[in-house]
Amino acid sequence: MPESAEYLRIADDVIADVRSGKLKPGDRLPSVAETRVSYGASYGTVQLAYVRLEALRVIRRHQGKGVFVTDPKTWMREP
């Protein structure tokens with residue numbers, strides 16, 4: 001997969017994990033460093049995925065605490 005599309009795969013995987021029940025609202029996502037290792041992706045790619053997820057309201061960042069899954073009822077729907 002081209003690097004430019006890799007961030008979409010990471011974001012889609014998080015959404016799929018929430019929909020399947022693997023991740024639940026309030027769960028903490030792995031750190032950017034951990035996600036980089038598991039996907040073999042660059043820092044920028046993981047950041048793009050997290051920015052996309054944040055824009056869709058799938059996640060919320062808490063400075064110094066981590067990145068957390070939100071309730072799917074609050075998510076923005078993709079056009």
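Predicted model: local features only at pLDDT ≥ 70, side-chain atom pairs only at ≥ 80, totals over all residues.
Trainee: Why does threonine 35 count as buried?

Mentor: Its relative accessibility is 5%, and the limit for buried is under 20%, so threonine 35 qualifies. Threonine 35 sits in helix α2, residues 32–39; helices are DSSP runs of H or I with at least four residues, strands are runs of E with at least two, and both are numbered from the N terminus. Beyond its neighbours within four places in sequence, threonine 35 is in contact (heavy atoms within 4.5 Å) with Ile10, Pro30, Val46 and Tyr50.

Trainee: Val46 and Tyr50 are buried residues of α3. What makes the buried residues of α3 line one face of the helix?

Mentor: The buried set in α3 is Thr45, Val46, Ala49, Tyr50 and Leu53. Seen down the helix axis, they fall within an arc of 135°, so they line one face; that arc is taken from the directions from the helix axis to the C-beta atoms.

Trainee: How does the span of α3 compare with the expected one?

Mentor: The rule is 1.5 Å times one less than the number of residues. For the 13 residues of α3 the expected span is 18 Å, and the helix reaches 18 Å from its first C-alpha to its last.

Trainee: Why are arginine 9 and glutamate 6 called a salt bridge?

Mentor: A salt bridge needs a side-chain nitrogen of Lys or Arg within 4 Å of a carboxyl oxygen of Asp or Glu. Arginine 9 and glutamate 6 have an N to O distance of 2.8 Å, so the pair meets the 4 Å limit. They are 3 residues apart in helix α1 (residues 3–20), about one helical turn. Glutamate 6 is buried at 8%, whereas arginine 9 is partly exposed at 34%.

Trainee: How many salt bridges are there by this rule?

Mentor: The count is 3. Among them, arginine 61 and glutamate 54 pair at 3.1 Å, and lysine 73 and aspartate 71 at 3.4 Å. Lysine 73 is exposed at 72%, while aspartate 71 is partly exposed at 29%.

Trainee: What makes the radius of gyration of the protein agree with that of a compact globule?

Mentor: The globule rule is 2.2 Å times the number of residues to the power 0.38, taken over C-alpha atoms. For 79 residues that gives a value near 12 Å, and the protein has 12 Å, which agrees. The chain builds this from 3 helices and 2 strands, in the order α-α-α-β-β from the N terminus on.

Note on methods
Residues numbered from 1 in each chain as written. Heavy atoms only, no water. Buried < 20%, exposed > 50% of the residue type's maximum accessible area, 1.4 Å probe, protein only.
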